[in-house]
Amino acid sequence: MKNLFGLFGKRGSGTTDAVTCAPSVDGLIQQLGDRDGVTRERARRSLVSLGSPGVEPLLQALKNKKSRVRFEAAMCLRDIADRRAIDGLVEALGDRTFEIRWVAAEALINVGRPVVPVVLHALMEHADSTWLRDGCRHVLTHFAGLDLRAAYHIEHHPAWVDFDLRDVLSPVIKALEQPGSASRVPVIAVRALDFFPTTAMPRMDRSVMPH
């Protein structure tokens, strides 16, 4: 990931001190695409500190044609952990770049349990995308408590299990790990959704590219 996006640029101390953050949200978003890692990191920190007002611009950046911008936007949304970002982050689970899909999944995990029915609904509509299925499995495995012994989970997430969610989500995860999941998962996801209160599910703005 470091090599792909150059997260930590090589700069001398004098040049680093000269890096300044843009004075506006739009400017900070532009800096997320800067070739220099220090500039991107400082812009990212500023946007995270801004909090909720930065969510909508970051969701737009999450659709940017440049993978570097999408990655940095996902990193910001991961740290802000705002529920308004759920739909956009679920779409990002189908991004063509693995690092973006991973960070989007971690961002959804940080938002918490409200993401689960949205993820299940995405599986109902877009199970033909291998990328999205893998991203959804990442998220659901966490909420089912099935990754508690994984080294990454131990380091980055609290050790807890929601036994209700484990029972509800385990069949979905099992289906995602078996051959023919594209056709089987939507049916099982519908059954899992019965566990959640009936709410109007959001419609994804764009189609996820199958892969």
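Helices H6 and H8 are roughly parallel to each other, since angles under 35 degrees count as roughly parallel. This is a predicted model, in which local features need pLDDT of at least 70, side-chain atom pairs count only at pLDDT 80 or more, and totals for chains, interfaces and linings use all residues. Residues are numbered from 1 along each chain as its sequence is written, and side-chain values use heavy atoms, leaving out hydrogens and water.

Look at the pair again. The axes of H6 and H8 (residues 98-111) come within 8 Å and cross at roughly 15°. Axes here are lines fitted to C-alpha atoms over the stretch in contact, with angles from 0 to 180 degrees between N-to-C directions. Helices are DSSP runs (H or I, at least four residues), numbered from the N terminus.

Which residues of H6 and H8 make the contact? From H6 come Ser67, Arg70, Phe71, Ala74, Met75, Leu77 and Arg78. From H8 come Glu99, Ile100, Val103, Ala104, Glu106, Ala107 and Asn110. Contact means heavy atoms within 4.5 Å.

Now turn to His138. This residue lies in helix H10 (residues 130-143). His138 is buried, with a relative accessible area of 17%. Buried means under 20%, exposed over 50%, and partly exposed in between (1.4 Å probe, protein chains only). Leaving aside neighbours within four places in sequence, His138 is in contact with Trp102, Ala105, Glu106 and Ile109.

Ala81 is partly exposed, at 29% relative accessible area. Most residues other than glycine have a negative phi. Ala81 is not a glycine, yet its phi is positive, about 55°.

Terms used. Helices (H or I, at least four residues) and strands (E, at least two) are DSSP runs, numbered from the N terminus. Angles under 35 degrees count as roughly parallel, over 145 as roughly antiparallel, 65 to 115 as roughly perpendicular and the rest as oblique.
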